[in-house]
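Have the structure open while you read.

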Protein chains: 2
Amino acid sequence: MVNKKVIARLSSYRTALLRFHELGFVKVFSDTLAEAVGGTSAQVRKDFSLFGISGNKKGGYQTDNLIEKLQALLGKDRIQSVIIAGIGNIGTALLKYKAFEGEGIKIIAGFDIDPSKQNKKAKVPILPLEEMAAFVHENEIRIGIIAVPEVVAQPVCDAMVATGIQGILNFAPLVLRAKPDVVINNVNLQNELENVIYFVNALSKRIKSSPPNADITD
Amino acid sequence: MVNKKVIARLSSYRTALLRFHELGFVKVFSDTLAEAVGGTSAQVRKDFSLFGISGNKKGGYQTDNLIEKLQALLGKDRIQSVIIAGIGNIGTALLKYKAFEGEGIKIIAGFDIDPSKQNKKAKVPILPLEEMAAFVHENEIRIGIIAVPEVVAQPVCDAMVATGIQGILNFAPLVLRAKPDVVINNVNLQNELENVIYFVNALSKRIKSSPPNADITD
DNA sequence: TAGATTGTTAATCGATTAACAATC
DNA sequence: TAGATTGTTAATCGATTAACAATC
């Protein structure tokens, strides 16, 4: 059963492995990797076997080989070109986000209705929304980021899907709907912060009142 | 068992309910709410019962009463003051993020080592990191956001925890460690995008090759 | 009242972990 | 070889859903 959580762990393994590789580790054990990401060795092995990744019965896993396989699974073996709709606060931050560059993620164009934000000549051109379809076709883009205001997020999503985009990372604070063969990952910054707020409150209440309660899990 | 996922659903219920309230709904059924957030009615009722929220055996739930209870649980019944460390791309975006304002989340100060970013006189002052402890104490801040570069994220986290901050929303691309009574929510933008990339690839491969496979779940 | 909906228990489903045979 | 580690199966754990008695 491959779900979001498994893939998130794969990302974590990869990050840890890059560090191990940097440190000169030629091989790595499920145990070591588990400790690095805060999991169990059984889960590490299970996850790998799910993707047909195997190690050596005694010698663990070859670090570079393992990294390569994870890179391929996560699409890190080539540059991923994406577009972004909405050049506001979040959109601008993502456009300039350094960490994406080193990770093979390239935002190759932005789209916004506001003419004052448009700039066809910039290194990363900012274009009017109407040009999105043509751009997506011409550049064979499959993935888009939505960072527009809430009220226009669903129509912008519909427009993206209409161009043939297959995956969307959404920062607008609502759950976008699309046909089932489009992958949508909703990141809601308010909700993430609300989550922290809830558990901080719950924890401090617990200290004040009596019943100890270790129920807060992920 | 209260975990992150339950609280995330509470946030979703709240958003849906605000819309229903706007539309003039006085009461709402578990069924309606479930449909709005893409869940089941049983789960809605289960979630509520977990927090001692009850409705009427026939009449469903009172919309305004329900909203109020969720607000209180999610800390929306008062202004939540937070600070942010790292005034780079992400940090700046969050500082200006409109959606926070309307949601009772107030970033009341930023911290950065770069003197060119500091500005004690701004409406939201940007201060040197060394002043964080004093500021946190003076203003009784319990929640911080980390948006600093990866290499300094853990030390900044340690510094925050040392000031007494109890909850952290982390955007640096690594899993922060802290003592167990500190709540940490890691949001890794690269990983979120990697997730989309993986499923887009997996989906397109599936179309090309034969075995249909509905295994991609959340 | 009859019908509809809640609240909760029991059943199911899925994900994680423990355990151990295979084997390098 | 002896010891250690993988790969996988079975056991456990936890979360979701189905079902239904209570009841408005």
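How many nonpolar, polar and charged residues does the surface near DNA strand D have? Sorted by class, there are four nonpolar residues, 10 polar ones and 10 charged ones. Before going further, keep in mind that this is a predicted model.

**Around DNA strand D**

In total, 24 residues surround DNA strand D, and the closest are Ser30(A), Arg45(A), Ser54(A), Gly55(A) and Lys57(A). Of the atoms of DNA strand D that come within 4 Å of the protein, 66% belong to sugar and phosphate. Both protein chains take part through helices: helix H3 (41–50) of chain A, plus helix H1 (4–22) and helix H3 (41–50) of chain B, each bring at least two residues to this surface. H3(B) gives the most, with four residues.

A few phosphate contacts are worth a click. Gly55(A) uses a polar backbone atom, which sits 2.6 Å from a phosphate oxygen of DNA strand D.

**Where chain A meets chain B**

Now for the protein–protein side. Chain A puts 63 residues into the contact, and chain B also puts in 63. Between them the two chains bury about 5800 Å², with 63% of that on carbon and sulfur atoms. Three residues, Leu193(A), Glu194(A) and Tyr198(A), supply 11% of the area that chain A buries against chain B, more than any other three residues.

Polar links cross this interface too: 13 residue pairs are in polar contact, both partners having pLDDT 80 or more. Quite a list of elements of chain A supplies at least two residues each to the side touching chain B, including helix H1 (4–22), helix H2 (30–37), helix H5 (89–96) and strand E6 (143–146). The largest share, 15 residues, comes from H9(A). By class, the residues on this side of chain A divide into 33 nonpolar, 15 polar and 15 charged.

**Salt bridges**

Over all chains the structure holds 16 salt bridges, and four salt bridges are counted between chain A and chain B.

| Residue pair | N to O distance |
|---|---|
| Asp77(A) and Arg78(A) | 2.7 Å |
| Lys76(B) and Glu194(A) | 3.1 Å |
| Asp181(A) and Lys179(A) | 3.8 Å |

Which chains does the pair of Lys76(B) and Glu194(A) cross between? It runs from Lys76(B), in the loop between helix H4 (63–73) and strand E3 (80–85) of chain B, to Glu194(A) in helix H9 (residues 189–208) of chain A. Are Lys76(B) and Glu194(A) buried or exposed? Both Lys76(B) and Glu194(A) are buried. There is also a network to look at: Arg14(A), Lys76(A), Glu103(A) and Glu194(B) are joined into one by salt bridges that share partners.

Asp77(A) counts as partly exposed because its relative accessibility is 49%, and Arg78(A) counts as partly exposed at 38%. For the remaining pair, Asp181(A) is partly exposed with a relative accessible area of 42%, and Lys179(A) falls into the partly exposed class at 46% relative accessibility.

Terms used
Residues numbered from 1 in each chain as written. Chains lettered and ligands numbered in written order. Predicted model: local features only at pLDDT ≥ 70, side-chain atom pairs only at ≥ 80, totals over all residues. Heavy atoms only, no water. Salt bridge = Lys/Arg side-chain N within 4 Å of Asp/Glu carboxyl O. Buried < 20%, exposed > 50% of the residue type's maximum accessible area, 1.4 Å probe, protein only. Near = heavy atom within 4 Å. Polar contact = N/O pair within 3.5 Å; in protein donor to acceptor, adjacent residues only side chain to side chain. Nonpolar A, V, L, I, M, F, W, Y, C, P; charged D, E, K, R; others polar. Contact = heavy atoms within 4.5 Å. Buried area = accessible area lost by both parts, 1.4 Å probe.
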